[in-house]
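Here is a friendly tour of the spaces inside this protein and of one spot on its surface. Have a look at the model first.

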Amino acid sequence: MEDSKLPMALRSNLLDLFGQIEREFENLYIENLELRREIESLNERLAGEGQTVDGGDLSKGALKTKASHSTSQLSQKLKTTYKASTSKIVSSFKATTSRAVCQLVKEYVGHRDGIWDLAVTRVQPLVLGTASADHCSMLWSIETGRCLLKYAGHAGSVNSIKFHPTEQMALTASGDQTAHIWRYMVQLPLPQPPADISASLDDDGDFSDKDEADGEADGPSECPTIRVATTTLKSHQGVVIAADWLVGGKQVVTASWDRAANLYDVETSELVHTLTGHDQELTHCCTHPTQRLVVTSSRDTTFRLWDFRDPSIHSVNVFQGHTDTVTSAVFTVGDNVVSGSDDRTVKVWDLKNMRSPIATIRTDSAVNRISVSANQRIIALPHDNRQVRLFDMNGVRLARLPRSNRQGHRRMVCCSAWNEENQACNLFTCGFDRQAIGWNINIPALLQEK
């Protein structure tokens with residue numbers, strides 16, 4: 001160690017980590033020995049009755065039941081002990097491998113309060129949109145991290161942002177009890193020299209430390225501002241928490257704390273339907289990418305599926321799979337709905353049979369606005385505890401995005417959004433640390449690790 005070129009702080013940190021790993025393995029080894037003794041004593045006890053756990057002829061009904069019950073209890077205990085003893089070690093190894101396939105690419109800094117929601121435009125040029133509690137929505141260059149446009153037409157927190165499927169129009173929902181539709185035109189900045197791009201990862205850490213000063217000084221002078229909406233949708237009696245475009249972009253749906261969701265005609269801004277039935281405030285709404293289906297989530301622990309495919313019949317189905325607020329429920333490209341909740345679970349449902357979930361993901365923290373990638377259908381889970389985790393549709397955990405003092409979110413992560421058209425930056429997250437982050441997820445490597 002005397003010849004080591006590592007800095008002293010890093011060396012001591014490594015020694016401490018290896019010490020912890022050694023202690024974990026030592027505890028595991030001791031527990032393993034104790035469990036072996038228990039297995040031996042159980043075998044001896046059963047052998048005294050003419051049976052053994054391994055390979056005996058368990059022909060007598062009562063004894064067979066007793067033996068299988070004992071071994072299943074022991075097996076369960078062994079599994080629980082093993083999981084508990086190795087969870088820290090496994091987590092540290094998973095985090096190391098995750099770093100190779102999940103890398104922070106860019107930080108988007110400039111909002112003066114937490115960011116509730118984000119989305120990527122669906123037509124060229126591809127830009128990132130954010131919705132913040134600072135009453136503003138911003139459009140960003142994905143590559144450079146610069147603000148291209150600010151929308152300041154709301155008088156309250158901007159709670160969600162969604163882009164029109166074929167036109168340069170944005171839909172924002174606000175605490176001012178309205179939803180706004182506004183047109184945008186942005187010009188992407190010229191690409192930076194390669195040297196700047198390669199250094200961006202090192203620069204990001206420093207940039208985030210001075211974000212408030214720089215973001216506020218540069219924002220107004222360099223970022224054009226729109227202050228008037230093209231269309232204002234108002235008929236809610238409470239905070240509008242979310243809004244989305246129906247397929248085709250001729251209608252929008254809004255979700256409010258007044259316990260209702262409203263369907264509007266975009267061209268006339270008239271209210272077409274009021275969707276009532278939730279017992280408490282709504283938290284989110286989402287539309288199907290190709291069909292006239294809407295799903296609304298609520299604090300009443302349910303989410304509802306509204307079907308507008310047949311103009312004469314507007315059916316609704318209520319799903320009660322959670323035990324706390326449903327924070328979001330989203331459609332996938334296939335026939336699935338994925339719901340996330342403050343009960344720390346995410347559930348995957350089949351639209352054709354939604355009596356019970358086909359997969360349940362249990363986590364250690366409340367789940368906020370989730371998103372599912374279109375191609376590989378990977379679920380990105382943003383958590384209250386500052387973590388972001390990736391799972392497949394079967395509930396298998398694929399990765400945790402790297403988070404440390406220098407990178408990642410420093411407060412609650414509110415939302416995630418996939419953008420598979422951009423290879424370099426294909427996942428975005430935002431949170432109450434006032435920043436959005438662009439990530440590069442190497443999906444083939446991620447699935448190969450699984």
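## The cavity

The lining of the largest cavity comprises four nonpolar, three polar and two charged residues. Here Ala, Val, Leu, Ile, Met, Phe, Trp, Tyr, Cys and Pro count as nonpolar, Asp, Glu, Lys and Arg as charged, and the others, Gly among them, as polar. Among the lining residues are Arg386, Val388, His409 and Trp439. The volume of this cavity is about 40 Å³.

On a 1 Å grid over the protein atoms alone, a cavity is a set of points where a 1.4 Å probe fits but cannot get out, while a pocket is an open set with protein on both sides within 12 Å along at least five of seven lines; lining residues have an atom within 4 Å of a point. Points are joined across faces, edges and corners, and a volume is the space filled by probe spheres set on them.

## About the model

This is a predicted model, where local features need pLDDT of at least 70, side-chain atom pairs count only at pLDDT 80 or more, and totals for chains, interfaces and linings use all residues. Residues are numbered from 1 along each chain as its sequence is written, and side-chain values use heavy atoms, with hydrogens and water left out.

## The pocket

The largest pocket has a volume of about 1,000 Å³. Its lining has 37 residues, with Val120, Arg122, Lys162, Val372 and Trp418 nearest the centre. By class, 21 residues of this lining are nonpolar, nine polar and seven charged.

## Phenylalanine 18

Phenylalanine 18 is exposed, at 55% relative accessible area; exposed means over 50% (1.4 Å probe, protein chains only).

Notes. Buried < 20%, exposed > 50% of the residue type's maximum accessible area, 1.4 Å probe, protein only.
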